[in-house]
Amino acid sequence: MAKKISPQPGFQQKFLSTPVDVAFGGGAAGAGKTFALLAENIRNYQTPGFNSSTFRRTSPQITNPGGLWDASQEIYPNIGATPNQNELLWKNGSGAKFKFSHLQHEKNKLDWQGTEIAYLGFDELTHFTEGQFFYLLSRNRSTCGVRPYCRATMNPDAESWIRSFIDWYIDKNGFIIPERDGKIRYFTRDGETIVWGDTRQEIVDKCPHIFNDKALKDRDISHLIKSFTFIEGDIYENKVLLEKDPAYLANLLSQTEEDKLRLFKKNWNVKTDGLCIYQHSQLEAMFYNQYVPSGDKCISVDAARLGSDYCFIWVWDGFRIIDVRFKDVSKTTEIANEVKQLETQLQVRRENV
């Protein structure tokens, strides 16, 4: 007996209801992003000639336990579709087809020359190159009556090309700006630059040299400029997962601080390559840490002797700042004398300056 398939309130409903040409859904692990990506096929499963291709970077990521193929078996039998696991393909009686594919190597994008994909999907888009994404977007076309569209899901990755692509949606601390979540924007490419606007007309005004072309001049601009949105997912909106596996939260909480910030707190600025000048989690901790151990006393100085700003002197007790002095631009001897006075007054050893 077929069961009812429907999105959960929050991310899944917003992702499945947006009308844009290209939508990215990103955020916490376990937010229900894969379901939303797969459920998009249900919209057009009775349309003759409709087809979709949903990509993972490698084939095992599709067929691994709990991967795309397993997830699809929870959805598509309920609409009467039949599977072909050898081809990683579902077919419906209307002739609609839903395929799963991989792009392991950059050159694999060329395997799709000449193809037509009405609904183009990417699971974990941060695993794909910018070149792979935009080349496949050129294959996103349709003659079945469905306007071609693209959907992609991902977890935050500060080093992916996606970080700069969605920069308008992200605040300086790496978090999605709530009032911009789901807001529709428009983009085109001018040379190597992505040009953004709040309306399609704004894009035309910014790039008149593109749209004044004789072949484009009389075309409807809604067919020339892509609409886009980014929609954030949160694990707490995935009530189905938390009811079936409430201990999944423990998995996220057991991650490193950097991975916890990405996969649980949805931060787009965290780098985990170990080569950062500072760890973001340590910087963030300054604002909520309530206990800082004391230790050896030290003095640090930013002399600014020849600059235009102040000279600052900090006195530390371990990681606690217990005194701060600042002076206008001063001679080196004046700064040294004040430091010596602090050494004596607060009993700070010379080697700790």
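Analyst: A term to begin with: two strands pair if DSSP finds at least two bridges between them. Helices (H or I, at least four residues) and strands (E, at least two) are DSSP runs, numbered from the N terminus. This is a predicted model, in which local features need pLDDT of at least 70, side-chain atom pairs count only at pLDDT 80 or more, and totals for chains, interfaces and linings use all residues. Residues are numbered from 1 along each chain as its sequence is written, and side-chain values use heavy atoms, with hydrogens and water left out.

User: What is the order of the open sheet of 3 strands?

Analyst: The order is β11-β12-β13, and the pairing is antiparallel. β11 (297–302) and β13 are at the edges with a single partner strand each, so one side of each has no neighbour in the sheet. The twist averages 15 degrees from one strand to the next; axes are lines fitted to C-alpha atoms, for helices over the stretch in contact, and angles run from 0 to 180 degrees between N-to-C directions.

User: How many bridges join β12 to β13?

Analyst: 7 bridges join β12 (residues 311–317) to β13 (residues 320–327). Phe312 has Phe326 in β13 as its bridge partner, and Val315 stands opposite Asp323. The two strands form a hairpin with 2 residues between them, and Gly318 in the turn has a positive phi of about 70 degrees.

User: Pockets next. Which residues lie nearest the centre of the largest pocket?

Analyst: Gly32, Thr34, Phe35, Ala71 and Asn238, out of 32 lining residues. On a 1 Å grid over the protein atoms alone, a pocket is an open set of points where a 1.4 Å probe fits, with protein on both sides within 12 Å along at least five of seven lines; lining residues have an atom within 4 Å of a point.

User: Which element gives the largest share of the lining?

Analyst: α2, with 4 residues.
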